[in-house]
Amino acid sequence: MARIVGIDLGTTNSLVAVMHDDRPKILPDPHSGSPLLPSAVSLLPDGTFLVGESARRRAALHPHASILSVKRFMGVGLEHVDEQDRREHAFDQAAGALRVVLQDGSGGTQTLSPPEVSSLILRELKRRAETALGEEVTRAVITVPAYFNDSQRQATRDAGRLAGLDVLRLVNEPTAAALAYGLDKQEEALVAVFDLGGGTFDVSILQLREGLSEVLSTGGDTRLGGDDFDRRLTALLQEQLGGDQWSAEDLAILRDAAERAKRELSAVEVATVELPLSGGTRILQVTRDAFDAASADLVERTLARCRQALKDAGRQARDVDHVILVGGATRIPAVRRAVEGFFGKAPYADIDPDAVVALGAAVQAGILSG
Ligand code: ADP
Ligand code: MG
């Protein structure tokens with residue numbers, strides 16, 4: 001029987017995975033080898049769309065043609081669109097449901113609903129899976145944040161349908177992470193899932209019992225993620241460079257370099273940053289200590305949300321049996337240290353934090369196919 005794939009339809013990055021010899025595995029981009037597909041869509045002047053890495057790059061210089069983080073608009077109305085969103089895009093709610101207006105850069109526009117944008121991302125993942133498996137893929141398990149309401153869940157199902165996928169089940173992201181670690185096989189456990197992605201932070205307290213997972217509480221901040229750490233690093237670089245007039249091109253170079261330096265600082269103490277700016281190439285160094293100092297308040301904000309989530313669940317940090325790290329930004333050493341200190345135990349981090357949700361979705365897909 002044709003296989004069911006597991007999909008993490010993320011705010012910043014999306015992935016597809018499948019069971020292979022009883023183990024979940026990510027299906028990477030056949031060309032670049034990257035496991036991640038940036039959740040980015042960009043409209044070209046010829047009316048077609050770029051999806052993924054090429055769209056993410058185009059977005060830096062053509063923000064109005066491109067949409068990043070469309071997940072934040074799934075199943076919500078205009079009242080959820082904030083000022084920052086409005087600066088980046090025009091929105092339209094004339095037909096009842098929220099739609100985003102993309103400008104192709106040469107006078108043309110296209111107006112798409114968030115499920116339509118998401119379906120372009122899902123289509124790309126479907127194609128990726130079909131290339132890797134050599135068969136048609138029509139059935140999927142897709143993950144959603146635990147706090148998604150009915151209309152956000154329905155919008156995700158709609159996106160799947162538009163992409164030609166039969167969505168057999170939506171699974172909560174923290175539950176998928178617990179499945180990837182096989183924690184569902186334990187008789188009973190209290191699990192905290194700490195998920196720091198690109199633009200959002202989610203913490204969930206789960207009660208696992210006999211293979212079932214109950215979400216006791218969720219918390220987080222839809223405006224806190226790896227991007228904020230990038231902004232702090234960008235500011236550090238700007239401070240070193242001096243001056244305050246930045247062209248859009250130079251700013252894009254700075255932001256890109258900051259994101260790379262942030263990732264480098266997860267592995268080494270000092271990162272070297274090469275900036276091919278319009279006024280000439282500059283080479284700077286940033287230390288992990290400087291980065292940690294500049295981002296300490298962001299880490300503290302995640303802990304405040306953990307405190308609240310525990311309170312809402314009626315539990316204490318010491319009641320938690322397992323802590324799972326999810327999201328690429330949990331690779332930041334200061335974040336790991338803070339989580340370990342807060343819960344008083346080493347978190348699970350053996351599985352790639354940006355792949356763990358998709359792997360769990362594949363495990364669920366495996367359970368459904370028997
Ligand atoms: P989402 O769930 O929002 O789609 P991800 O889990 O893919 O996002 O996380 C993306 C974020 O993780 C980005 O901000 C990215 O810069 C960050 N990230 C990825 N790798 C690292 C690393 N090695 N160190 C620090 N941050 C990282
Ligand atoms: Mg995620």
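User: What makes H1 oblique to H7 in this model?

Analyst: Happy to go through it. In this predicted model, the axes of helix H1 (residues 53-61) and H7 cross at roughly 135° and come within 8 Å. Angles over 145 degrees count as roughly antiparallel and 65 to 115 as roughly perpendicular, with the rest, apart from those under 35, being oblique. The crossing of roughly 135° falls in that remaining group, so H1 is oblique to H7.

User: Which residues make that contact?

Analyst: H1 brings Arg56, Ala60 and Leu61, while H7 brings Ala248, Glu249, Ala252 and Asp256. By class, they divide into 4 nonpolar and 3 charged, with no polar residue.

User: How do you know that Lys262 makes a polar contact with ligand 1?

Analyst: The cut-off is a pair of N or O atoms within 3.5 Å. A polar side-chain atom of Lys262 lies 2.6 Å from an oxygen atom of ligand 1, so the pair qualifies. Lys262 is also listed among the residues that come nearest to ligand 1, together with Thr12, Asn13, Glu259 and Ser266.

User: Which helix gives the most to the shell around ligand 1?

Analyst: That is H7, with 3 residues. Helix H6 (226-241) and helix H7 (248-264) each supply at least two. The shell residues divide into 10 polar, 6 charged and 2 nonpolar.

Technical notes:
Residues are numbered from 1 along each chain as its sequence is written. Chains are lettered from A and ligands numbered from 1 in the order in which they are written. This is a predicted model: local features need pLDDT of at least 70, side-chain atom pairs count only at pLDDT 80 or more; totals for chains, interfaces and linings use all residues. Side-chain values use heavy atoms; hydrogens and water are left out. A residue is near a molecule or strand if one of its heavy atoms lies within 4 Å of it. A polar contact is a pair of N or O atoms within 3.5 Å; within protein, one must be able to donate a hydrogen and the other to accept it, and residues adjacent in sequence count only if both atoms are side-chain atoms. Helices (H or I, at least four residues) and strands (E, at least two) are DSSP runs, numbered from the N terminus. Ala, Val, Leu, Ile, Met, Phe, Trp, Tyr, Cys and Pro count as nonpolar, Asp, Glu, Lys and Arg as charged, and the others, Gly among them, as polar. Axes are lines fitted to C-alpha atoms, for helices over the stretch in contact, and angles run from 0 to 180 degrees between N-to-C directions. Contact means heavy atoms within 4.5 Å.
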